Amino acid sequence: MLVGFVRRISRLHLALGIALAIVSTVWAQSAPQALQPYEQGQTSSQAPQGGSATAGAFAPVLDSEKRPITAGGFVKSGPIIFEDISEKAGLTTWTHKMGTPQKPYILETIGSGVCLLDYDNDGWLDIYLVNGSTYDAQTGKVEPPHAALFHNNHDGTFTNVANVAGVTNDRWGFGCAVGDYDNDGWPDLYVANYGKNRLYHNNHDGTFTDVAETAGVTLGNWSTGPSFGDYDGDGLLDLFVPGYIHWDVSYFSTSGSGIANNAYCVFRGARVMCGPRGLPGEPDHLFHNNGDGTFTDVSVKAGVSDKVHNYGFSSTFVDVNNDGKVDLVVADDSTPSYLYLNKGDGTFEDASFYSGFALNQDARETANMGLAVGDYRNNGLVDLYTGTFSDDYKPLFKNVGDGNFVEIAPQMGIAEPTYPFLTWATEFIDYDNDGWKDLFLANGHVYPQVDQHNWGTSFAERPLLFHNVDHGKKFDLIPPVEGTGLADVIPARGAAFGDLFNNGKIDVVINCIDHTPVLLLNVDPDHNHWVELQLLGHGKTPRDAIGATVYLTAGGMRQREDVMSGGSYESSNDQRVHFGLGQATAVSDVEIHWPNGPVEHVNLPSIDRIFKVEEGKGVVPSVYDQIAKDLAAKRSEHPAGN
């Protein structure tokens with residue numbers, strides 16, 4: 001206890017020491033009276049501080065063919081982890097659209113998210129892709145871009161059913177989150193927009209109805225990466241919605257110079273779009289579920305309203321200090337990130353600074369876009385990782401217990417390779433089922449101008465994959481083999497991670513700005529075992545068990561997984577918990593900490609398949625029983641297949 005007290009005191013001293021940084025952050029967000037787009041080729045005499053937090057300007061990193069390392073560095077041979085099957089799967093029939101190719105305004109640059117959900121309860125994950133919009137669509141001159149809902153056809157292909165399902169959104173879309181907010185056993189979908197947000201209620205027949213107005217969760221300016229979670233323990237999912245920038249359409253037409261002549265519209269001396277620094281932030285919102293189809297905004301009362309209006313991007317509810325209550329983690333762009341510890345009385349304690357999560361180890365704010373949450377050391381504590389801007393490394397926050405973190409990316413050797421990349425979505429995934437969580441980063445720049453300069457970066461960028469080795473003591477960068485998914489050079493934004501084909505391997509779906517989506521099929525040739533669990537709660541546990549923590553022991557190793565909504569970047573992952581078992585052929589124990597409920601131990605009869613586990617009943621019959629039989633039969637017919 002004394003050690004924890006001393007640690008907290010030291011964190012408070014750190015918070016006091018960075019007060020100046022907070023003041024500068026608030027000053028940087030002062031709203032301009034007018035905002036004008038940059039003119040191509042303009043330069044600025046002011047220092048290239050830029051609208052996004054970075055670590056400075058660094059020498060370009062080029063490969064042997066003089067390409068930026070973000071769009072090169074390929075190898076002829078090596079481990080083949082992912083195959084791009086986007087076209088084969090049918091996803092390239094849809095295209096994301098956001099603003100104009102020139103990207104003069106920040107509204108056009110940050111892209112949209114992806115949600116994985118089994119909307120028809122057939123046991124196969126479907127894909128929801130949020131779309132953006134255009135200025136002409138906003139003014140009614142053209143038909144707006146539509147979101148996509150790709151139904152999983154169980155044969156490796158998908159069909160877009162968004163029109164039939166009623167989820168095209170047709171607004172300027174950014175983030176999405178999945179959660180069964182009315183506990184009826186069917187996943188619902190929240191979509192965050194510039195303008196009014198949508199809450200799509202699942203009608204159980206393949207269609208959805210937007211009930212956001214009735215529910216009271218529309219908001220109305222610029223929302224980003226939402227998440228569902230039961231913060232007050234009543235068994236009903238509540239909703240958190242980060243705010244990004246308070247954007248006013250009058251910026252487009254108001255004359256005058258305003259922010260457009262200062263350093264917040266400059267990157268490495270070149271004129272670019274302005275922001276987020278220098279623009280007014282938008283507050284965050286926490287909506288309490290009233291249990292009758294409506295929600296009440298309790299942001300201020302709960303202490304999570306973001307009074308200084310940081311630039312919120314991605315969020316999730318997860319228990320970071322193992323006290324049985326879900327806490328709230330928010331990744332903020334170019335401002336300190338938030339960590340709110342749940343006090344258990346309907347309010348949160350802002351532990352952002354003293355916990356060590358608000359800033360990196362240099363006590364410097366970073367441009368946090370994506371948020372990964374996972375126990376990469378298998379010690380029962382969830383660690384955090386955020387994606388940041390180019391000219392900066394991506395911080396890894398090691399959980400040292402009691403809700404405190406130490407940022408260790410440089411010490412782990414994973415800082416330097418990430419400097420040229422601009423990372424959006426990121427996640428801890430066990431891609432090879434060895435029982436240790438690896439790190440995936442989806443990348444792409446915001447400034448089209450980077451392709452006109454020798455800065456060692458590019459607008460479209462390849463993903464990064466770090467392999468967890470030596471039991472969480474280090475990560476090795478997996479080389480991008482030509483022709484494979486890791487060599488895809490794409491303008492990535494949101495990404496969601498999950499087992500799309502029920503074969504125990506985690507695949508990746510990436511929503512790319514102004515581009516077709518990318519589906520990376522996990523083809524890693526490992527022969528490790530695995531198991532996945534879909535949890536079903538009762539009473540004080542939400543029906544979809546968001547907030548549950550599962551500990552699985554196999555082969556002498558104990559792993560942790562959490563059921564979460566949100567996270568990644570403006571996205572929502574597969575909510576079935578996935579465990580790689582390595583060479584273990586049996587599971588010794590499954591220990592489930594149900595949200596607001598008991599701790600339950602469950603026996604699994606076998607491995608290499610998906611089980612449904614119901615609170616108080618253990619493993620129950622489900623659609624996965626037939627899926628397991630069908631996949632086993634298929635494997636026996638094609639023993640060499642994936």
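**Close-up 1. The bridge between valine 469 and lysine 474 in a predicted model.** Valine 469 has lysine 474, in β27, as its bridge partner, and the structure in which this pair is shown is a predicted model. Strands β26 and β27 (residues 474-477) run antiparallel and are joined by four bridges. The hairpin that these two strands make has four residues between the strands, and within this hairpin aspartate 470 takes a positive phi near 55°.

Close-up 2. Strand β26 covers residues 464-469, and because six of its six residues are buried, the strand is largely enclosed by the rest of the structure. In a regular strand the side chains alternate between the two faces of the sheet. For β26 both faces are covered, with Leu464, Phe466 and Asn468 buried on one side and Leu465, His467 and Val469 buried on the other.

Close-up 3. How accessible is threonine 418, and is it buried or exposed? Its relative accessibility is 0%, and threonine 418 therefore counts as buried. When neighbours within four places in sequence are left aside, the residues in contact with threonine 418 are Tyr385, Asp392, Tyr393, Lys394, Leu441, Leu464 and Phe466. Two of these contacts, Leu464 and Phe466, are on one side of β26, where they are buried together with Asn468.

**Close-up 4. The disulfide of cysteine 115 and cysteine 176.** The structure holds two disulfides, and the one shown here is formed by cysteine 115 and cysteine 176, with their sulfur atoms 2.3 Å apart. The link of cysteine 115 and cysteine 176 is right-handed, with 125° about the S-S bond. Cysteine 115 belongs to strand β2 (residues 114-117) and cysteine 176 to strand β6 (residues 172-179), so this pair ties together parts of the protein that are 61 residues apart in sequence. Cysteine 115 counts as buried at 0% relative accessibility, and cysteine 176 likewise counts as buried at 0%.

**Close-up 5. The disulfide of cysteine 265 and cysteine 274.** Cysteine 265 is joined to cysteine 274 by a disulfide, with an S to S distance of 2.1 Å. This link is right-handed, with 110° about the S-S bond. Cysteine 265 is buried, with a relative accessible area of 0%, and cysteine 274 is buried as well, with a relative accessible area of 5%. When the bonded cysteines of the protein are numbered in sequence order, the pairing reads 1-2, 3-4.

**Close-up 6. The open sheet of β34, β31, β37 and β38.** Four strands form this open sheet, in the order β34-β31-β37-β38, and their pairing is mixed. The edges are taken by β34 (577-582) and β38 (618-620), each of which has a single partner strand, so that one side of each is left without a neighbour in the sheet. Neighbouring strands of this sheet are turned against each other by 40° on average, direction ignored. Strand β37 (residues 610-614) pairs with β38 in the antiparallel sense over three bridges, and lysine 612 stands opposite valine 620 in β38.

Close-up 7. Which residues of α8 are buried? They are Tyr624, Ile627, Ala628 and Leu631. Seen down the axis of α8, these buried residues fall within an arc of 100°, and they therefore line one face of the helix. An α-helix has 3.6 residues a turn, so residues three or four places apart point the same way. Lys629, Ser636 and Glu637 are exposed on the other side of α8. The cover over the buried residues of α8 includes β31 (529-536) and β37, and both of these strands are members of the open sheet β34-β31-β37-β38.

Terms used
Residues are numbered from 1 along each chain as its sequence is written. This is a predicted model: local features need pLDDT of at least 70, side-chain atom pairs count only at pLDDT 80 or more; totals for chains, interfaces and linings use all residues. Side-chain values use heavy atoms; hydrogens and water are left out. Buried means under 20% relative accessible area, exposed over 50%, partly exposed in between (1.4 Å probe, protein chains only). Contact means heavy atoms within 4.5 Å. A disulfide is a pair of cysteine sulfur atoms within 2.5 Å. Two strands pair if DSSP finds at least two bridges between them. Axes are lines fitted to C-alpha atoms, for helices over the stretch in contact, and angles run from 0 to 180 degrees between N-to-C directions. The arc is that of the directions from the helix axis to the C-beta atoms.
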